[in-house]
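Hello,

Here is the structure I said I would pass on. My notes on it come after the model.

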Amino acid sequence: MPLPGPTLPPSFDKTSALALTKDLVEKYPDRGPGSPGALGASRWFADQLKAYGFPSTTDGFFATIPGRGRVLLRNILAVARGPSTDAIVVMAHRDDTGAGTGANDNASGTAALIELARAYGQPATAAGKPVRPQHTLLFLSTDGGEFGALGATRFAQSSPYRGHVLAVINLDALAGPGRARLEIGGDQPRSPAAALVETAAARIAEENGSVAPGRTSAFGQLIDLAFPFSLYEQAPFVGRGVPAVTLTTAGDRPPDSAADRPLNGTHLLELGRAAQNLVTSIDTGLELPQGTSTYLYLGQRFVRGWAVELALIAMLLPFLVPAIDLFARCRRRRIAIAPALRSYRSRLGFWLWCGILFFWLDLLGVWPGGAARPINPETAAAGNWPRLGLLALAILAGLSWLVPRARLTPRRPVTPEEDLAGHVAALLALAVVALLVVATNPFALIFLLPSLHAWLWLPQLRVRGPVVTIVVLLAGFAGPLFLLGSLAVRFGLGLDSPWYLAELTAIGYVPIVAVFIFLAWTATAAQLIVLAAGRYAPYPSAEERPPRGPIRNAVRAVLLVIYSRRRAAPDTEQRALEQ
């Protein structure tokens, strides 16, 4: 249930907010991190709050932004203290990319933040008594919001208030042409407290004529839980267990700074008043539930995360039972599985080596470096494919393939039993991958289930012809395409989405465990592809193995010398003692 609304009407002034927006963009149109305009905008914000009796503190810190390098960022904080040490954070980023004036994104949010602070800085009566909140209110202007919520992340990680934050309300692009919208995604598979989301939705509906705010679709929210990703500043708070929401008029992707349409004063007024009423509801109402949870927000109701996880895990059973039964049948028919498993092991080793090469090139500076935060899709770094680097990776991977190739290419016709064993080994590897996904993030099963249920049929389709086999094989790739499609469509990356995902991996935003699981899945897909193409070969026995090449012979000779010396050392010591 939402918290009750305030009894007094909001005092948010549209004319004042629009005037502040205009003043900021005229004086500092380029507020890109590290620019002179960014410094001027930080001083401008502090001066605006000083006029309302708010002393402010500046937190300066350095961060590396892909395409910009290492820059100095500044968070500006003003505090309205109340009897409770629990804090409510109202925030907005003031930076832009420098491609435009950023009037909507996010001069409008910065102006609304100042207007909200004014209500607690001006005297409420002629006697001069200030409005005093029940909780401590933190008015936070962040820097680097356009580049992965760097300022918000800094506050969530290191602010002395971070352990006392009750809720966070982020204001971003409030004066756009779109309808009011709530953003709730986090950096981890979590969602803000449902009471906060319900209260925010209720306050917005009260201001815009009972129209519920927009939200990400249920499938989009599921993808965001499976691959936690958001370009808004509530994300680092939600990822750390702090309830936070963003009020905006934009979509999943914030508007480009260059697209400065005329500001919509009506939307700015509605969301400004909704934000003020939301602060009052949290400040004077019942306490919000602490922490975060997981759910799918459908507007009128919530589907709890545990129910979604249970449904996804239950979908594993139609794959696990037949896969285990197929393995048991092979055992009863005395079909050797070990050579097929060794073949998969060699493929897994190759793909893990490709992953090592990728990160090695990253250490050499081939890929753009930066903080482990989402990259702004508007910037060149999001779509600047390093062709020479990718060519170098392809060449190194191709040369590396020469090592396992001799043992993974057909040497003789493969028997039906060996072909079946190859499928069984791949399905067993898929089962292990599925269990690893369950152990790390069960929501990510949405990316794996299509391959589980499609590729389970491949052993049955060996006699159906190549067309059916290819269709079923391709169907298994639908899961990763869900993620790439989300980046391409929802976040406007288009054909650059594969590189964008690779760059998120290079800067460390994608966890290394997820990278390992993906490479294990890729090795499984590779084995099934060669099976479908008729190029599969089980791992050769000692009699079938080709002679060692010069590189392997040299490595073997070195290892034998080291081994022989280690064995000889105890004998030498023993003879010395006897003498």
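Predicted model: local features only at pLDDT ≥ 70, side-chain atom pairs only at ≥ 80, totals over all residues.

I began with strand S7, residues 244-248. Five of its five residues are buried, so the strand is largely enclosed by the rest of the structure. Ala244, Thr246 and Thr248 point one way from S7, while Val245 and Leu247 point the other way.

S7 has pairing partners in S5 and S6. Strand S5 (residues 165-171) runs parallel to S7, and four bridges join them. Within that pairing, isoleucine 169 has valine 245 as its bridge partner in S7. Strand S6 (residues 181-183) pairs with S7 in the antiparallel sense, over three bridges. There, glutamate 183 stands opposite threonine 246.

Helix H14, residues 445-455, is another enclosed element. Ten of its eleven residues are buried, so H14 is largely enclosed by the rest of the structure. Among the buried residues are Phe447, Pro450, Ser451 and Trp455, along with several leucines, including Leu445 and Leu452.

Glutamine 276 lies in H8, which spans residues 265-284. Is glutamine 276 buried or exposed? Its relative accessible area is 8%, and since the cut-off for buried is under 20%, it counts as buried. Setting aside neighbours within four places in sequence, glutamine 276 is in contact with Pro10, Ser11, Phe12, Leu116 and Ala119.

On the cysteines: cysteine 330 is buried at 1% relative accessible area, and cysteine 354 is buried at 11%. The count of disulfides comes to zero.

The last item is on the surface. Leu388, Leu391, Ile395, Leu399 and Leu402 form a nonpolar patch there, with about 550 Å² of accessible area together. Leucine 388 belongs to helix H12, residues 387-408. At 73% relative accessibility, leucine 388 is exposed, because the value is over 50%. As for the spacing of such residues, an α-helix has 3.6 residues a turn, so residues three or four places apart point the same way.

That is what I have on this model.

Regards

Key:
Residues numbered from 1 in each chain as written. Heavy atoms only, no water. Buried < 20%, exposed > 50% of the residue type's maximum accessible area, 1.4 Å probe, protein only. Helix = DSSP H or I, 4+ residues; strand = E, 2+ residues; numbered from the N terminus. Contact = heavy atoms within 4.5 Å. Disulfide = S-S within 2.5 Å. Pairing = 2+ DSSP bridges. Patch = residues over 30% accessible without salt bridge, like charges linked within 9 Å, V, L, I, M, F, W, Y side chains within 5 Å. Areas by Shrake-Rupley, 256 points an atom, 1.4 Å probe, with all protein chains shown as cover. Salt bridge = Lys/Arg side-chain N within 4 Å of Asp/Glu carboxyl O.
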